[in-house]
Amino acid sequence: MIESPVLERVLHEALARGGDMAEIFAEDRQSQGAALDDRRIEELSSGRERGAGIRVVVGETTGFAHTADLSEAGLLAAAEAAAAVAREGGSGVRTVVLGARSAVGPTATEMPESVTKATKLELLGRADDAARSTGDAISQVQVGYGDSRRRVLIANSDGLLAEDDLVRTRFSVVCIATGDTGMQTGYESLARTEGFEVFERVDVDEIARVAAGRALSKLSARPAPSGELPVVLAGGSGGILFHEACGHGLEADHIVKDTSVYVGQIGQMVASPLVTLVDDGTVGGEWGAFRVDDEGRPAARNVLIENGVLTDYMWDWLRARKEGRLSSGNGRRQSYQHLPMVRMTNTFVLAGESDPDEIVAQTPKGVYVAKLGGGQVNTTTGDFVFGTTEAYLIENGHITEPLRDANLIGNGPEVLRRIDAVATDFATTPGTCGKDGQSVPVGCGQPTLRISGVTVGGTAA
Amino acid sequence: MSELPDLARTIVERAEGSEAVEAYLARGHDTEIRVFDGEVESLSSATSAGVGIRVILPGESGEGNRLGFAWAGSLDADVVDATLAEARDNARYATPDPDVVLAEPDGRAAVEVDLWDETLEKLATQEKVAMALELERAVRGADPHIRQVSSADYGDGSVEVALASTTGITAFTRRTSAFLSVSAIAGEGADSQTGGGFSVGRGPGSLDPDVAAHDAVLRAVRMLGATKAKSGRCTVVFDPRVVSTLLSVISSAMSGEAVVKGRSFFAGRLGESIAVPSVTLVDDPTDPRAYGAATYDAEGLACRRNALIEAGVLQGFLYDTVSARRGGTTSTGSAVRGGYAGTPGAGCRALVLEPGHLDQDAVLASVGEGLFVQSVTGVHSGVNAVSGDFSVGAEGLMIRDGKLAEPVREVTVASTLQRMLQSILHIGSDLQWLPGIAAGQTLAIADMQLSGD
């Protein structure tokens, strides 16, 4: 994207008025999206975004500017703008020497640009047919396809030079079923850090049938219960529970500002001993995977909670520097127009030893959640919500009637202690995580597990 | 004068044969300052620009038209050329549809809304930093319970948008905006509670750090000692900010696009009573007080006042050009789009629920017993605008003897949107022009399910 001598000159300029660190993050992203709605291919779209964000860190202050102009002149102008925060009388002269380049290939064997538009669109029609063939009650189907190739280059004044080339592919189906009780929705998606080869393995008809099945089953659903109940989360039902219950609270930006319930808890029991939580950016193909993070640190597997004991937080460059340690590879940003911050990658609760069916059988009364929607957390209080999109009542150890959508609410540290069974059936799901106005792709993973009590926010008393 | 309108025209002039072309160009400048503990934590400043191009290939022998779209985050000539070519190529793959057309001038005169604050350009960065620092100081000094200000931000931006099409549309708009926002943490013993406050305007002169600070502090401090409440049915009084969010969600079921595609529970109910008679809801982007006020919609048609509900009776939906044709009607000037990277769809900009006669205290007094909700969470995961199912996390205070009493957290409130509209007890007089697509005022809704212990 940019030659090393240019990078070196721009970094030098960025620190001309002083500063501790300067960094260039350049990005070239191409994307294609297709939408089928109401039986029609409504839109095929293409997008291109290219630019660089430059930051200059001076003490506790970060200056940032971005530009879509990747010429040396454009980069120098952005460097000057970012450096405006540097106080006069800084060190002034600093020679920046970057490390050697090492080529990195794309995360795909079948590149999006090598697949014809017609081939991509064929998947949409197939999914539409498959969804509608599940029953006459399916009244509307939306199918979405998207691929992107994101090439990034990170260089900083410490000599770091790193590149990544991420190909991502997603496919989603939303179905509406209409019956006597009104309309219900069902959703299912696939999202991988892979190219078009993913469709050799994954059948889009199946994604469509799962989405349709969710909408259909909810037509006969009863209102979700109201109040505290045992809840069994199916393996791969969303993992969002941990993302919200503790993931965000373990991000070091919340820790260093003392705005997390997990401050000062390292070495302490913060969860049931059945819980081991890792954040792992290295798992090839997962939605939140990469080779280097958006600050150039290699992706890592970080154990956050081991057998219930809090072992570490997640770190980016800025917050790690404050503590005199290294980043854990969790510095991420939405695009070159954004500053990096501490973000999760793929956050997994590791498999336990229980049999998933046994967990249900040993639950006299409760809620079985087959699929979760999104969630939200207040890291300071630890209170978090997560929504169900496919759930059932458990009665006398059996999964019985379907339930309408509802949010569940709990307090992170409390809910983590109430996990009293963890099964062997680990599975992952993709998601999009929003924080401070920035969205990044993340993975979640979890086996079937039970929370002995959490508040279910339905309408049935 | 900006050169964007000329650039938009030159793109449109490159239409080939009988194809229709629309160019949407935007350029903006943003500043964001975050302070922490008396220091600037980050200062970002940047200009960005981009183009979105729609090409419609006409069908042969009436088989329908095909739409293609492409966008790019640059206005460089070579990039614009490639974007036009890519949009044209994409159009070849769409399903032919006679209803897919670009907007045409509809003779409606635009109401010029002045959204440009000249003073913004002249404000020095140091003054912006000073406002953010002042905000942080105001929060820290307001109450001994405040133990942290997790962020205090100043932000502003200006954006110019030009639109042109082969169907005779030309529109140019520009707007400025500025905001202050702050997150406070109150503490007492091991208990910590949070509260947020903000102030928004077209320019720095309309920002009020005291309002933002006061809101954040009040909301955090009054939550100290909060506990879970007992489950049961009760009347819920929503804070104006929450009501703005609720209206935004309900409005998605009033999009003509949702209606024609069978995704709205309001479809087929025009002329019917869908809410209590005190409910009158309009979308009026021509009102300059509204945050989402605009002169033109995202297809270049004049924005106009549209009545959605009058005295509880459903009056109409909001349409862009394509959804209007599919619904057998005409555009209501309600096209919206998420910048140059998005295509237009039908949506609201400036929803206002007609205020009632009681202020918040009077609403609380009238309700007597219930739950006052100051903020909600999980709206995207727990509110389904297709089925109407409604379940959100809530925090607030119990209402006892007509007054705010002990704080409550970690509860949910649930119902259905359809039922909530029919169970409104009071609409407050305390209308607030809030950021987003809806204003808000205090609202009391009977018989909702509270879930806690």
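In chain B, four strands make an open sheet with antiparallel pairing, in the order S10-S9-S8-S13. Its edges are strand S10 (313–314) and strand S13 (351–353) of chain B, each of which pairs on one side only. The model is a predicted one.

Strand S8 (residues 281–283) of chain B is joined to S13(B) by three bridges, and the two run antiparallel. Within this pair, B:Asp283 stands opposite B:Leu351 of S13(B).

## The sheet of chain A

Chain A has an open sheet of six strands with mixed pairing. The order is S10-S9-S8-S13-S20-S19. Strand S10 (309–310) and strand S19 (427–435) of chain A form the edges, and each pairs on one side only.

A:Glu306 faces its opposite residue, A:Val309, in S10(A).

A helix also packs on this sheet: helix H6 (residues 240–247) of chain A. H6(A) touches strand S8 (277–280), strand S13 (346–349), S19 and strand S20 (438–446) of chain A. The direction of H6(A) makes about 100 degrees with that of S13(A).

## Two helix pairs

Two packed helices are described by the angle between their axes and the distance between the axes.

| Helix pair | Angle | Axis distance |
|---|---|---|
| H1 (residues 4–14) and H2 (residues 72–82), chain A | about 25 degrees | 8 Å apart |
| H4 (residues 125–140) and H5 (residues 209–221), chain B | roughly 35 degrees | within 9 Å |

How do H1(A) and H2(A) run, roughly parallel or roughly antiparallel? Their axes make an angle of about 25 degrees. That makes H1(A) roughly parallel to H2(A), because angles under 35 degrees count as roughly parallel. H1(A) passes H2(A) in a right-handed crossing.

From H1(A), the contact uses A:Val6, A:Val10, A:Glu13 and A:Ala14. From H2(A), it uses A:Glu72, A:Leu75, A:Leu76, A:Ala79, A:Glu80 and A:Ala82. By class, seven of the residues in this contact are nonpolar, three are charged and none is polar.

The crossing of H4(B) and H5(B) is right-handed. H4(B) brings B:Met131, B:Glu134, B:Leu135, B:Ala138 and B:Val139 to the contact. H5(B) brings B:Pro209, B:Asp210, B:Ala212, B:Ala213, B:Ala216 and B:Val217. The residues divide into nine nonpolar and two charged, with no polar ones.

## Domains of chain A

Chain A is divided into domain 1 (4–219) and domain 2 (226–457). Their C-alpha centres lie 23 Å apart. In the contact, 30 residues of domain 1 of chain A meet 23 residues of domain 2 of chain A.

Which elements of domain 1 of chain A each supply at least two residues of the side that touches domain 2 of chain A? They are strand S1 (21–37), S2, strand S3 (61–67), strand S4 (138–156), strand S5 (161–179), strand S6 (182–192) and helix H5 (204–219) of chain A. S2(A) gives the most, with six residues. This side of domain 1 of chain A holds 13 nonpolar, eight polar and nine charged residues.

## Domains of chain B

Chain B is divided into domain 1 (4–221) and domain 2 (226–453). Taken over C-alpha atoms, the centres of these domains of chain B are separated by 23 Å. Domain 1 of chain B puts 32 residues into the contact, and domain 2 of chain B puts in 26 residues.

On the domain 1 side, the elements that give two or more residues are strand S1 (20–36), S2, S3, strand S4 (146–165), strand S5 (170–188) and strand S6 (191–201) of chain B. S2(B) gives the most to this side, with four residues. By class, the side of domain 1 of chain B that touches domain 2 of chain B has 19 nonpolar, six polar and seven charged residues.

## Between the chains

The contact between the chains takes 61 residues from chain B and 65 residues from chain A. On the chain B side, strand S2 (residues 39–57) of chain B has the largest share, 10 residues. The chain B side divides into 19 nonpolar, 32 polar and 10 charged residues.

Strands also pair across the two chains. Strand S2 (residues 40–58) of chain A and strand S3 (residues 66–72) of chain B run parallel and are joined by four bridges. In this pair, A:Ser45 stands opposite B:Phe69 of S3(B).

Methods:
Residues numbered from 1 in each chain as written. Chains lettered and ligands numbered in written order. Predicted model: local features only at pLDDT ≥ 70, side-chain atom pairs only at ≥ 80, totals over all residues. Pairing = 2+ DSSP bridges. Axes fitted to C-alpha atoms, helices over the stretch in contact; angles between N-to-C directions. Parallel < 35°, antiparallel > 145°, perpendicular 65-115°, else oblique. Left-handed = near helix turned anticlockwise from the far one by under 90°. Contact = placed C-beta atoms within 7 Å. Nonpolar A, V, L, I, M, F, W, Y, C, P; charged D, E, K, R; others polar. Domains from an automatic or database assignment.
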